[in-house]
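Open the model in your viewer and keep the sequence at hand. The tour below goes from one selection to the next.

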Amino acid sequence: MNIDFNKLIQKLIPYAFILLIAYLISTIIFILLPRNGVDFIDNSTQSLSYKKYDGFYSNAKTIIRKKKVKQETLSKYILKAIYSTTLNSGWITIENKQDNKSYILSQFEEIDGYILTKLYKNYVILEKQAKEYRLDIKQINEKVTYNMTSNINNIKENIFVDGNSVIVKRDYINSYVNDIDKVWNDISINEIRNDNKIDGFKVVRVAKDSIFGKLGLKKNDIIKSINNNILTSYSDAFKVYNNISNTKYLNLEILRNNEILELNYEID
Amino acid sequence: MKKIFKLCIYFLFFILFLLIFLPKESIYNLLEQKLSQQNIIISDEKRNEKLLSLDIKNANVFYNEVKGVNIRDINFFSLLVYSKVEVNDVKLLESLSSFFPPFIKNIELKHSVLDYQNINISSLGDFGLLNGKIDLLNRVLILNLDPSSEMKRKYIKVLKNMKLKEGRYNYEYRF
């Protein structure tokens with residue numbers, strides 16, 4: 001069989017042109033279209049628990065450790081209450097053991113030559129003749145340990161208070177994670193808007209016997225952040241809900257009576 | 001007549017070559033960018049460009065930075081006159097299982113020039129059997145659901161958003 005190559009080429013040439021035009025158009029489309037897609041980048045600090053503790057990889061400023069000044073304790077006073085601000089200022093209630101009289105001291109005020117210089121959450125520093133004296137709050141010295149346990153519908157509702165730390169059993173939290181209706185039965189929240197942007201969530205209703213009530217949330221509290229994630233959208237709140245099973249601690253920043261409070265819990 | 005027939009053949013070949021050379025991955029990139037404007041991000045997927053289709057495997061879908069869905073396999077196929085998108089094995093995040101059944105076995109979207117006005121939808125999953133269409137001219141999404149017993153038992157709240165008619169649940173959404 002003889003093949004007439006000239007005729008065959010003549011017949012194929014139009015198809016070659018068509019192929020070339022199609023290829024050119026595809027190339028132009030390729031140039032015009034984006035080269036890269038969109039990938040999700042997790043900006044959340046949810047799983048970065050070390051950030052909270054200023055760990056090695058965090059963006060936190062380097063901690064400059066000052067040489068510790070030896071502090072002596074004061075035995076003749078009882079520290080009964082501290083009202084301290086974040087700047088280590090504020091006032092205290094102090095009782096003299098000898099005459100059982102109580103005094104209110106604000107920062108830099110003096111009692112028997114001792115000047116109140118710094119206030120912390122659990123103790124204060126007083127200074128006398130360039131020497132520092134530490135006075136711990138009475139209740140903190142006595143370690144408070146108790147637990148609240150009840151058994152409802154085969155779910156152990158455990159919250160342990162051990163000194164300064166509050167430990168919540170994971171099973172108790174999971175009973176809420178696995179049943180969203182239970183969450184909405186026990187708490188109602190509304191968004192708070194500032195300049196059309198969400199600026200926290202207000203607790204409108206909270207059941208006292210629920211996990212939320214037991215952990216200290218009250219009506220009219222405004223939840224500003226959870227685990228250092230500022231709540232500016234429903235998705236921020238949902239992110240916390242989603243990641244709760246991987247979280248080992250809970251840190252709530254709430255606004256109550258125009259004061260910012262922090263609630264810290266460990267999840268066991 | 002012969003000339004017109006020849007032109008038609010040339011045109012069909014042109015369309016075929018164009019579909020083969022079309023940068024499918026770049027078109028998919030454009031789709032991802034458009035979806036990201038609606039805060040929907042498809043991430044971590046593996047892409048495989050074929051002669052006339054594009055395969056996407058193991059995609060995680062995020063909405064408002066929250067992971068919602070994992071999809072095992074998506075297939076885009078088009079011959080211009082007939083297009084099909086097939087989505088297989090959609091797993092909803094466990095925490096969403098209290099809102100909606102967590103597993104969808106298959107979702108199919110089909111469009112044909114013979115029925116140019118509608119994109120047909122069919123789906124099968126833990127929720128039951130779903131059929132419907134997107135009416136492109138009237139801009140309406142119509143869904144008809146035959147719910148499974150699990151759906152009727154556990155997700156009555158979802159069904160309350162639909163209208164019950166002759167044993168089937170109907171849903172309409174205008175966009």
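**Chain A.** Keep in mind that this is a predicted model. Select chain A and colour it by secondary structure: 7 helices and 17 strands make up the chain. Chain A has 268 residues, and 13% of them count as buried. Among contacts in chain A with a separation of 6 or more, 35% are between residues 24 or more positions apart.

Next, select residues 77–84 of chain A, which are strand E2, then 90–96, which are strand E3, and 102–106, which are strand E4. These 3 strands form an open sheet in the order E2-E3-E4, with antiparallel pairing. E2 and E4 of chain A are the edge strands, each pairing on one side only. On average, neighbouring strands in this sheet are turned by 20 degrees against each other, with direction ignored.

Stay with E3 and E4 of chain A, which run antiparallel and are joined by 5 bridges. Which residue of E4(A) is the bridge partner of A:Ile94? Select A:Tyr103 to see that partner.

**The side towards chain B.** Now show both chains. Here 28 residues of chain A are in contact with 25 residues of chain B. Select helix H1 (5–32) and helix H7 (234–243) of chain A: each supplies at least two residues of the side that touches chain B. H1(A) gives the most to that side, with 11 residues. Colour the residues of this side of chain A by type to find 18 nonpolar, 6 polar and 4 charged.

Technical notes. Residues numbered from 1 in each chain as written. Chains lettered and ligands numbered in written order. Predicted model: local features only at pLDDT ≥ 70, side-chain atom pairs only at ≥ 80, totals over all residues. Pairing = 2+ DSSP bridges. Helix = DSSP H or I, 4+ residues; strand = E, 2+ residues; numbered from the N terminus. Axes fitted to C-alpha atoms, helices over the stretch in contact; angles between N-to-C directions. Contact = placed C-beta atoms within 7 Å. Nonpolar A, V, L, I, M, F, W, Y, C, P; charged D, E, K, R; others polar. Buried ≥ 20, exposed ≤ 12 C-beta atoms within 10 Å, placed from the backbone.
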